[in-house]
Each structure stands twice: as structure tokens, then as C-alpha cells.
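Trainee: I have a new model to read today. Can you take me through it, one question at a time?

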Amino acid sequence: MNNKIKQEVLTNGFIREQIDPAINLVEEISRLKREKNAVILAHYYMVPEVQDVADFVGDSLALSQKAAQTDAAMILFAGVHFMGETAKILSPDKKVLIPDLNAGCSLADSCKPADFAAFIEANPGHTVISYVNTSARIKALTDIVCTSSNAVQVVNSVPLDRPIIFGPDRNLGNYIRQVTGRENMLIWDGACHVHEEFSLERILELKKEYPQARVLVHPECKKPIQLAADYVGSTAEILNFAKTDTADTYIVATESGILHQMRKAMPQKNFIAAPPLNSMCDCNDCAFMKLISLKKVYLTLKYELPEIEVEEELRKQAETSILRMLEISR
């Protein structure tokens with residue numbers, strides 16, 4: 001491997017290389033996938049052209065599970081860093097790549113392992129439940145991982161008299177506490193910058209403009225946004241709700257990348273991105289997710305860098321909390 005390329009990844013977090021504009025990136029990515037026995041996973045929040053070259057598009061944990069079930073030797077995860085880690089945790093024998101190491105997560109970053117460990121130590125006797133949107137080190141400190149789809153089921157699996165630490169998303173945690181009625185939950189004070197920034201005022205203005213529209217909201221949003229919703233659910237649940245619902249117009253309060261799949265699946269319906277507080281923008285994008293481009297996917301497959309690695313002892317500890325969740329949510 002070119003040492004210059006390796007150093008560039010160490011320095012910049014991704015590969016910078018001029019590409020001949022005559023190259024068809026979609027065709028080259030397809031060729032490299034075949035040659036290297038690779039599978040491409042793309043999160044719903046990726047840009048449309050990246051979603052369209054993926055073998056699987058979905059939420060982070062479901063994608064990692066899909067990849068683990070394939071006979072691919074290599075996984076390219078078009079997503080953020082913790083997603084690549086989760087794929088490696090579940091597929092330790094596969095090479096796992098991510099196109100840009102700078103693609104972090106504001107929610108995962110809001111929960112530092114040392115701080116979370118101290119919080120757990122200060123509150124002994126609690127079952128620790130952590131959202132999948134966390135680093136491998138947080139998963140290793142966790143008893144049971146959850147997703148936004150199965151968080152209620154996971155919380156309900158814990159005996160009522162057993163107190164719970166829930167992290168790191170305060171909005172999701174408060175929503176789950178409300179739905180389950182579990183008052184004995186300590187909630188970590190973290191949040192996703194995308195879901196924190198939706199504007200209730202602008203959503204209500206859109207609702208006046210489209211009075212028949214249904215408002216679909218992710219539970220990582222603040223409570224006032226949730227209260228304005230016709231439906232609250234995970235990204236996949238929002239997509240599935242729109243597929244079976246009878247309305248023809250939807251205001252969608254989650255990262256705008258999901259609208260690509262919604263429009264592909266339901267071209268006859270109208271999907272409107274819920275606007276953020278910033279009045280200069282019409283939709284709410286994750287700056288980290290949008291770091292992943294088609295060019296970076298191509299260069300990552302070409303050079304097999306950057307690679308995600310998780311130390312084996314840490315991987316096993318983190319895997320335990322994921323497997324507990326999978327057992328509960330069968």
C-alpha cells in the first residue's frame with residue numbers, strides 16, 4: 001500500500017486524489033465491489049447518489065446485521081464512525097471501511113466514556129441502557145443497547161423495581177420514559193444537533209400551508225416538536241408509516257436524507273423536510289453524514305482505507321450489550 005496514501009488518511013481522515021472526470025464512478029464502484037467481494041451499506045441520511053450505489057440502505061444497526069449475514073469479505077459503511085465500529089463489532093472477520101474518519105456524531109460525542117463511566121459508578125444498582133448511536137467504548141460500559149425502534153421493548157424488559165440509566169439522548173430518553181411510565185430512569189444529558197434544531201414555529205407555518213399534511217417526527221426531537229406530530233418513530237418506522245398511511249402529504253422532522261427513499265418508494269406522495277431554526281435553510285442536514293461523497297466511496301474501495309479496527313477485548317465487551325438487545329427484541 002502506498003505509504004503516502006496511508007499518511008494522508010492519518011493526517012486528513014480521508015483520501016484526497018484527483019480523479020479523471022471521464023471515469024464513471026458508479027461503474028467503477030460496481031467493478032471494485034465485485035473484485036474485492038465487498039458490500040456497501042448506506043445510512044438513510046447519506047446523499048442520494050451514495051444511497052443509490054449501496055447494496056443495503058437503512059438504519060445503522062439493521063445495516064450491520066445485514067452485512068454480518070453476507071459472505072462479503074469487506075464492508076464499506078457509508079455512514080458515521082460509530083456505525084463502522086458497530087459493523088466491526090458484529091463482523092470481526094471482515095475488513096470494515098468508512099470513507100471519512102471525520103464523519104463523527106454530535107450525539108455520540110456528547111457522551112464521553114470517562115464521564116459516562118463516572119456517572120454509572122456514582123449511581124450503582126442501575127441497569128445501563130445505551131442508544132446504538134454511541135462509541136464502542138460506551139457500548140462496552142452498557143448492559144443492553146437499544147435502537148429508537150426497540151427502546152420501549154428494551155426498557156420494558158427490565159424489572160419495574162430495577163432503576164435504569166439511559167443514554168445518551170435526553171429527548172429519546174424522556175420520550176421512552178413518558179411512553180413506558182418508568183419514573184426510575186436517570187437520563188444522560190446528550191443530544192443530536194440535527195434533531196435539536198427543528199423549528200416548531202416553521203413546522204406550524206407549513207401545517208397551515210398544507211392543512212392535510214401529516215407531521216412525522218423522530219423521537220430524538222425536542223418534546224414540543226414531538227407534541228406537534230401525527231406520528232413519532234424511528235427513521236425506518238417513519239418510512240414504513242408513510243407507505244401504509246392514506247395521506248398524500250407529509251412534513252418530515254428527521255435528517256433530510258430519508259426523503260430520497262420516501263420519494264423513491266412513494267413518488268405519488270409529497271414529502272416536505274421540516275425546517276430548522278435557521279431561517280436561511282429549508283431542510284435539516286447532518287454535516288457529518290454529508291461528508292461522505294461518491295468520490296470518497298470510490299477511493300475508499302480502491303485503496304481499502306480508512307479502515308475501522310476495534311481491539312478484541314473491547315469488541316467482545318461491546319458485542320455483549322448488542323447481543324442482549326437482539327435476544328430481547330426477537
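Mentor: Begin with a strand pair: S11 (residues 249-253) and S12 run parallel, joined by four bridges. Two strands pair if DSSP finds at least two bridges between them. Helices (H or I, at least four residues) and strands (E, at least two) are DSSP runs, numbered from the N terminus. This is a predicted model, where local features need pLDDT of at least 70, side-chain atom pairs count only at pLDDT 80 or more, and totals for chains, interfaces and linings use all residues. Residues are numbered from 1 along each chain as its sequence is written, and side-chain values use heavy atoms, without hydrogens and water.

Trainee: Which residue in S12 does Val-252 stand opposite?

Mentor: Look across from S11 to S12, which run parallel. The residue opposite Val-252 is Ala-273.

Trainee: Which strands stand at the edges of the sheet?

Mentor: The sheet is open, with four strands in parallel pairing, ordered S10-S9-S11-S12. An edge strand here has a single partner, so one side of it is left without a neighbour in the sheet. That describes S10 (231-232) and S12 (270-273).

Trainee: What angle does the direction of helix H14 make with that of S9?

Mentor: H14 (residues 235-244) packs on the sheet and touches S9 (214-217), S10, S11 and S12. Angles run from 0 to 180 degrees between N-to-C directions, and axes are lines fitted to C-alpha atoms, for helices over the stretch in contact. For H14 and S9 the value is about 155 degrees.

Trainee: Are H5 and H17 roughly parallel or roughly perpendicular?

Mentor: H5 (residues 81-90) and H17 (residues 312-328) pack with their axes 9 Å apart, at an angle of about 90 degrees. Angles of 65 to 115 degrees count as roughly perpendicular, under 35 as roughly parallel, over 145 as roughly antiparallel and the rest as oblique. H5 and H17 are therefore roughly perpendicular.

Trainee: Leaving aside neighbours within four places in sequence, which residues is Ala-229 in contact with?

Mentor: Ala-229 sits in the loop between H13 (223-227) and S10. Contact means heavy atoms within 4.5 Å. The partners of Ala-229 are Val-215 and Val-217.
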